[in-house]
Amino acid sequence: MATQNNHSDVCIVGNGAVGKAAALGLSQAGLRVCLLGAPVTVAPISDASSWDVRVFALNHVAHDLLTSLKVWDAMDLARVAPVSAMQVIDARESSAAQLDFDAYGAHIDELAWIVEDRNLNQALDTALKFAQNLTQVQGRAVRFEVADTQATVTLESGDTLSASLMIGADGAQSWLRGQCDIGLDYRSYGQRGVVTNFACEKPHQGVAHQWFVENLGIIALLPLPGNQVSLVWSAPDALAADLLREPLTSLAQRLSVYCADALGALTPLQPESIKAFPLQLLRPHAMIAPRVALIGDAAHVVHPLAGHGMNLGFGDVTSLLSQITARESHRDCGDARVLSRYSRARREEVALMQMTTDGLARLFGSDLAPLRLARSLGMNLLNRLPVLKRKLISQAMGK
């Protein structure tokens with residue numbers, strides 16, 4: 001069978017949510033786009049009692065991007081839960097530190113929105129079907145070459161995909177990043193993110209709860225529609241293995257120590273489901289290379305304690321779209337100056353989020369007495385400074 005060459009303005013390697021959003025945005029901007037990915041099967045949402053255990057806390061930048069792409073309203077909004085407040089508690093012995101954030105105090109309607117992975121991807125897939133100037137290709141890339149005016153990916157089939165700009169949206173283990181010889185700083189947190197869902201006895205009132213627990217990691221219960229919550233437990237590896245083995249009713253009992261007053265008894269949602277994923281810090285030394293831009297987890301991976309991994313990815317898409325659409329007429333979308341502007345535009349936010357999440361993970365993972373005292377005093381002091389809290393909320397919103 002004869003091989004084929006697909007030439008476009010932009011080729012996106014990776015068809016996760018961030019890659020799909022980039023494909024939509026660039027095609028809507030009038031560029032010819034090729035989206036390369038392995039086949040992905042998204043399980044349908046069968047009924048109101050079936051909830052995806054993988055959820056995202058999307059901020060205002062993500063909301064604005066998805067709205068502009070006409071994806072937000074294409075989701076099943078009855079399955080999206082707005083977050084009106086967040087309560088952070090240092091649940092360690094001898095600490096009574098607490099930090100409260102609320103939308104009212106920040107003069108906004110919502111702090112964030114909790115969205116299921118399936119709900120988001122199904123809306124993106126629907127939008128892609130109607131996108132103009134967009135070609136979707138399935139296959140495995142095996143070779144990458146860069147010339148002065150274009151980059152080319154060769155697939156296992158022998159077909160080639162060439163474009164003025166290649167975008168790496170292929171995750172933490174990015175193949176495209178590896179082809180560019182971009183250095184990488186990596187550290188495992190020795191934790192796994194354990195995720196599952198529960199019904200709660202008391203209404204959650206749209207409040208997200210987070211507990212820092214001695215020797216047990218970080219526990220978060222995020223609001224879902226109705227009296228339901230989503231658990232994200234950043235647990236040490238050994239504990240995570242135990243949590244995955246035990247019945248969800250036993251896990252609910254573990255959680256009751258922290259959430260009984262606020263949420264009452266927890267009951268596993270049916271059908272029961274629990275998953276876990278390794279937690280790591282990943283810092284590529286660059287977000288760009290000749291004719292290449294990295295977005296999403298290919299560009300950065302942070303600890304999930306702030307729930308901003310997906311938001312950083314959508315922030316990348318927003319920034320890259322802005323730089324490409326604002327470029328001078330004599331520059332193509334993969335021009336070195338355009339990519340340099342994108343890198344500079346993202347450097348501060350990405351570095352700040354990496355530093356913040358890594359710093360908090362280290363701070364609350366330490367048992368040193370001076371740090372425990374500083375942690376408690378700092379949280380209680382911050383809780384009494386509304387102006388500073390509003391600044392933190394603004395940062396979390398991506399503003």
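Predicted model: local features only at pLDDT ≥ 70, side-chain atom pairs only at ≥ 80, totals over all residues.
Asn6 stands opposite Leu161 in strand E11.

**Parallel strands around E1**

Strand E1 covers residues 5–13, and strand E11 covers residues 160–168. Eight bridges join E1 to E11, and the two strands run parallel. E1 also pairs with strand E2, residues 33–37. That pairing is again in the parallel sense, over four bridges. Here Cys11 stands opposite Cys34 in E2. In a regular strand, side chains alternate between the two faces of the sheet.

**An antiparallel sheet of three strands**

Which strands form the open sheet, and in what order? There are three, in the order E3-E7-E4, with antiparallel pairing. Strands E3 (55–58) and E4 (81–83) are the edges, each pairing on one side only. On average, neighbouring strands of this sheet are turned by 25° against each other, direction ignored.

E3 and strand E7 (residues 112–116) are joined by four bridges and run antiparallel. Phe56 stands opposite Val115 in E7. Helix H3 lies across E3 and E7. H3 runs at about 80° to E7.

**Two helix pairs**

Two packed helices are described by the angle between their axes and the distance between the axes. The table gives these values for two pairs.

| Helix pair | Angle | Axis distance |
|---|---|---|
| H1 (residues 17–28) and H3 (residues 117–129) | about 30° | 10 Å |
| H2 (residues 60–68) and H7 (residues 309–325) | about 55° | 9 Å |

Start with H1 and H3. Their axes pack at an angle of about 30°. Because of that angle, H1 is roughly parallel to H3. The crossing of H1 and H3 is left-handed. On the H1 side, the contact uses Ala17, Lys20, Ala21, Ala23 and Leu24. They meet Leu120, Asn121, Leu124, Asp125, Ala127 and Leu128 in H3. By class, the contact of H1 with H3 has eight nonpolar, one polar and two charged residues.

Now H2 and H7. These helices pack at an angle of about 55°. H2 is therefore oblique to H7. H2 passes H7 in a left-handed crossing. H2 contributes Val61, Ala62, Leu65 and Leu66 to the contact. H7 contributes Asn311, Phe314, Gly315, Val317, Thr318 and Leu321. The contact of H2 with H7 divides into seven nonpolar, three polar and no charged residues.

Asp316 has its place in helix H7. Is Asp316 buried or exposed? Asp316 counts as buried because its relative accessibility is 0%, and the cut-off for buried is under 20%. What does Asp316 touch, leaving out residues up to four places away in sequence? The contacts are Met287, Ile295, Gly296, Ala299, His300, Tyr342, Arg346 and Val350.

Ser343 is found in helix H8, residues 336–364. Ser343 is also buried, because its relative accessible area is 11%, under the 20% cut-off. How far is Ser343 from Ala293 in sequence and in space? The two are 50 residues apart in sequence. In space they are 8.4 Å apart, C-alpha to C-alpha.

Notes: Residues numbered from 1 in each chain as written. Heavy atoms only, no water. Axes fitted to C-alpha atoms, helices over the stretch in contact; angles between N-to-C directions. Parallel < 35°, antiparallel > 145°, perpendicular 65-115°, else oblique. Left-handed = near helix turned anticlockwise from the far one by under 90°. Contact = heavy atoms within 4.5 Å. Nonpolar A, V, L, I, M, F, W, Y, C, P; charged D, E, K, R; others polar. Pairing = 2+ DSSP bridges. Buried < 20%, exposed > 50% of the residue type's maximum accessible area, 1.4 Å probe, protein only.
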